[in-house]
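Please open the model in your viewer and keep the sequence panel at hand.

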Amino acid sequence: MGINPDDVKRVAIAMYEGEINMVIHANGGKALVDIYVDKVVVKLIDTGKGIADIDLAMKPGYSTATEDIRQLGFGAGMGLPNMKKHSDECIVESEVGKGTTVTLIINLR
């Protein structure tokens, strides 16, 4: 497709962080990816417990991961911050008890 390798890397990192978050916090979810000429749009959707305080969850190091998950090397509180860092737009919508949708837009160079 001729996509710049740096853009592929950004998409891969952002998606990995989102996928891990869905596994850790929601027992899974789904990722929808649309690739356009000028951007990649990723929607990560889960039906987990939701995020009570999105602003707090966006702070590096903040995590609600259990100790068991942390011992596996996950839950370091960098998932959402890394998704934001590696995308041009990061929109987090969540409702406690219903789930979370994260939309990532990565502009292609």
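**The nonpolar core**

Begin by selecting Val42, Leu44, Leu80, Met83, Val102 and Leu104: of the 15 residues in the largest nonpolar core, these touch the most other members. A nonpolar core is here a set of buried Ala, Val, Leu, Ile, Met, Phe, Trp, Tyr and Cys residues joined through side-chain atoms within 4.5 Å. Buried denotes under 20% relative accessible area, exposed over 50%, and partly exposed the range in between, computed with a 1.4 Å probe on protein chains only. Colour next α1, β2 (39-46), α4 and β4 (99-107), the elements that give two or more residues to this core. Helix α1 supplies the largest share, 4 residues. Helices (H or I, at least four residues) and strands (E, at least two) are DSSP runs, numbered from the N terminus. In soluble globular proteins, nonpolar side chains tend to be buried together.

The model is predicted; local features need pLDDT of at least 70, side-chain atom pairs count only at pLDDT 80 or more, and totals for chains, interfaces and linings use all residues. Residues are numbered from 1 along each chain as its sequence is written, and side-chain values use heavy atoms, with hydrogens and water left out.

Now centre the view on leucine 104. Its neighbours within four places in sequence aside, leucine 104 is in contact (heavy atoms within 4.5 Å) with Ala14, Val40, Val41, Val42, Leu44, Met83, Ser87, Glu89 and Cys90.

**Serine 87**

From leucine 104, step to its contact partner serine 87. Serine 87 sits in the loop between α4 (79-85) and β3 (89-95). Is this residue buried or exposed? Serine 87 is buried, at a relative accessible area of 7%.

Display the polar contacts of the serine 87 side chain. A polar contact is a pair of N or O atoms within 3.5 Å; within protein, one must be able to donate a hydrogen and the other to accept it, and residues adjacent in sequence count only if both atoms are side-chain atoms. In another, a polar atom of the serine 87 side chain lies 3.2 Å from the backbone oxygen of glutamate 89. Residues up to four places away in sequence not counted, serine 87 touches Arg10, Leu104, Ile105 and Ile106.

**The salt-bridge network**

Follow the contact from serine 87 to Arg10, then select Asp7, Arg10, Asp88 and Arg109, which are linked in a network of salt bridges. A salt bridge is a side-chain nitrogen of Lys or Arg within 4 Å of a carboxyl oxygen of Asp or Glu. How many salt bridges does the structure hold? There are 3.

- Arginine 10 and aspartate 7: their side chains meet at 3.6 Å, N to O. The two are separated by about one helical turn, because they are 3 residues apart in helix α1. Both aspartate 7 and arginine 10 are buried.
- Arginine 109 and aspartate 7: this salt bridge spans 3.0 Å, N to O. Arginine 109 lies in the segment after β4 and aspartate 7 in helix α1, so the pair ties together parts that are 102 residues apart in sequence. Arginine 109 is exposed, at 62% relative accessibility, whereas aspartate 7 is buried, at 0%.
- Arginine 10 and aspartate 88: these side chains also meet in a salt bridge of 3.0 Å, N to O. The pair links distant parts of the chain, with arginine 10 in helix α1 and aspartate 88 in the loop between α4 and β3, 78 residues apart. Arginine 10 has 14% relative accessibility and counts as buried, while aspartate 88 is partly exposed at 41%.

Keep aspartate 7 selected and show its surroundings. Neighbours within four places in sequence aside, aspartate 7 is in contact with Ile106, Asn107, Leu108 and Arg109.

**Along helix α1**

Select proline 5, which is placed in helix α1 (residues 5-26). Proline 5 is exposed, with a relative accessible area of 64%. For a distance along the chain, pick the C-alpha atoms of aspartate 6 and methionine 22: they are 16 residues apart in sequence and separated by 24 Å.
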